[in-house]
Amino acid sequence: MSQIPLRDLPVFVNRLIAALLCSFFIILYFWNFLFGYGFRAVSCFFIFVSAFLSYTLWALIHECIHGNFSNSRTESRFAGRVLCILFGTPFQVAKTAHLIHHKFNRSEGERIEFLEKNGVSKIGQSIVYYGKLFYGTYFLEAAGGFLLSLPLSMSVPIAERFFSVFPAHRAFFKQIQKPEIVRELRFDSFCIFLLFGSAFYFCGSNFWILTVVLILRGSVVSFLDHSYHYGKEVDDPNSAYNLGLPIFFSSLFLNFNLHRVHHRFPGCPWNRLPSQFEKSGDRIDLSLGRQSLRQLRGLLPLPEKS
């Protein structure tokens, strides 16, 4: 019986990045307990660095979701769960939400920047838009983990009444509320609560440092994540921008900025996205900085074809 050939994945580098990220954030979370907070300038520096590394952490979780962390499915899943606990959201929530995003990308409920004809006022839709833009991705996945950890007799009616509005949302809850997934999700949510509860306890009067770290994390992840699709064509699962970044930041973000390439080739690991970009004859649409700022324009009129 022939053995299935192994995919060319940067397994060693992924493991190294995961170990470094885990070390950095554990030390940051428990700095006061391990060393005691000293100079405020040092604390501010590490808070600033944490914002960028939080996006690296998110990008590596993304590799685990697509099975691109390792050729071992078990290792990819285990690494994803550990990194997600460190990040603050259960792996099953992040995984299910992201895979649903690939399937329903740019459909109703997945295109937050367009003014929908749904009976909600423009002001109401704008409030929701800016909330999701600046913190939505992180908050919904972090808070969603605890909501979904409730008994199914409670979480199912709540989801059906308040959150299952669009096909993408219904597909998400149909998958995430399977009993075997809920069991794993509950354990990971408990670990998250234990980790951050302990971290805040040991922070003492310096709890503001961890608070700022989490606020920055949520803002950076949400703001950058939405930039890849803002104003792009609707009703097309592969609709996304390739956004330009200096090589250092592109590498730091595991080439996540080559987002259209990723949507077209989700099985392509982060280290081969640049070569896949070249082979497919794709192009850079505009810079990540410029596209991110464009989002501040707010809601856009929905294209007529939709």
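The legends below describe close-up views of a predicted model. Residues are numbered from 1 along each chain as its sequence is written, and side-chain values use heavy atoms, without hydrogens and water. Local features need pLDDT of at least 70 and side-chain atom pairs count only at pLDDT 80 or more, while totals for chains, interfaces and linings use all residues.

**View 1**
An unreviewed UniProt entry places the feature "domain: Fatty acid desaturase" at residues 46-279. UniProt positions follow the numbering used here, feature names are shortened, and annotations may be inferred rather than shown by experiment. Over residues 46-279 the chain is 70% helix and 2% strand. Helices (H or I, at least four residues) and strands (E, at least two) are DSSP runs, numbered from the N terminus.

**View 1. Helix α9 from end to end.**
Helix α9 has 25 residues and spans 36 Å from its first C-alpha to its last, close to the 36 Å expected at 1.5 Å a residue. The expected span is 1.5 Å times one less than the number of residues. Buried residues of α9 include Ile181, Val182, Leu185, Ile192, Leu195 and Phe196. Buried means under 20% relative accessible area, exposed over 50%, and partly exposed in between (1.4 Å probe, protein chains only). After α9 comes Gly204, with a positive phi near 60°.

A salt bridge is a side-chain nitrogen of Lys or Arg within 4 Å of a carboxyl oxygen of Asp or Glu, and the structure holds 12 of them. One joins the side chains of Arg77 and Glu184, at 2.2 Å from N to O. Arg77 belongs to helix α4 and Glu184 to helix α9, 107 residues apart. Arg77 counts as partly exposed because its relative accessibility is 38%, whereas Glu184 is buried, with a relative accessible area of 7%. Another salt bridge joins the side chains of Arg81 and Asp188, at 2.7 Å from N to O. Arg81 lies in α4 and Asp188 in α9, so this pair ties together parts that are 107 residues apart in sequence. Both Arg81 and Asp188 are buried.

**View 2. The largest nonpolar core.**
This core has 50 residues, and Phe25 and Tyr29 have the most contacts inside it. Two or more residues each come from α1 (11-29), α3 (40-65), α4 (73-87), α5 (91-104), α9 and α10 (207-227). The largest share, 10 residues, is from α3. A nonpolar core is a set of buried Ala, Val, Leu, Ile, Met, Phe, Trp, Tyr and Cys residues joined through side-chain atoms within 4.5 Å.

**View 3. A nonpolar surface patch.**
Ile27, Phe33, Leu34, Phe35, Tyr201 and Phe202 make a nonpolar surface patch of about 660 Å². Patches consist of residues with over 30% relative accessible area and no salt bridge; like charges are joined within 9 Å, and nonpolar side chains (Val, Leu, Ile, Met, Phe, Trp, Tyr) within 5 Å. Areas come from the Shrake-Rupley method with a 1.4 Å probe; for residues, only the protein chains shown count as cover. Helices α2 (31-34) and α9 (179-203) each supply at least two residues of the patch. Tyr201, in helix α9, counts as exposed because its relative accessibility is 65%.

Asp285 and Arg283 form a salt bridge, their closest N and O atoms being 3.3 Å apart. Asp285 is partly exposed, with a relative accessible area of 25%, and Arg283 is exposed, at 52%. Salt bridges with shared partners join Arg260, Arg264, Asp282, Arg283 and Asp285 into one network.
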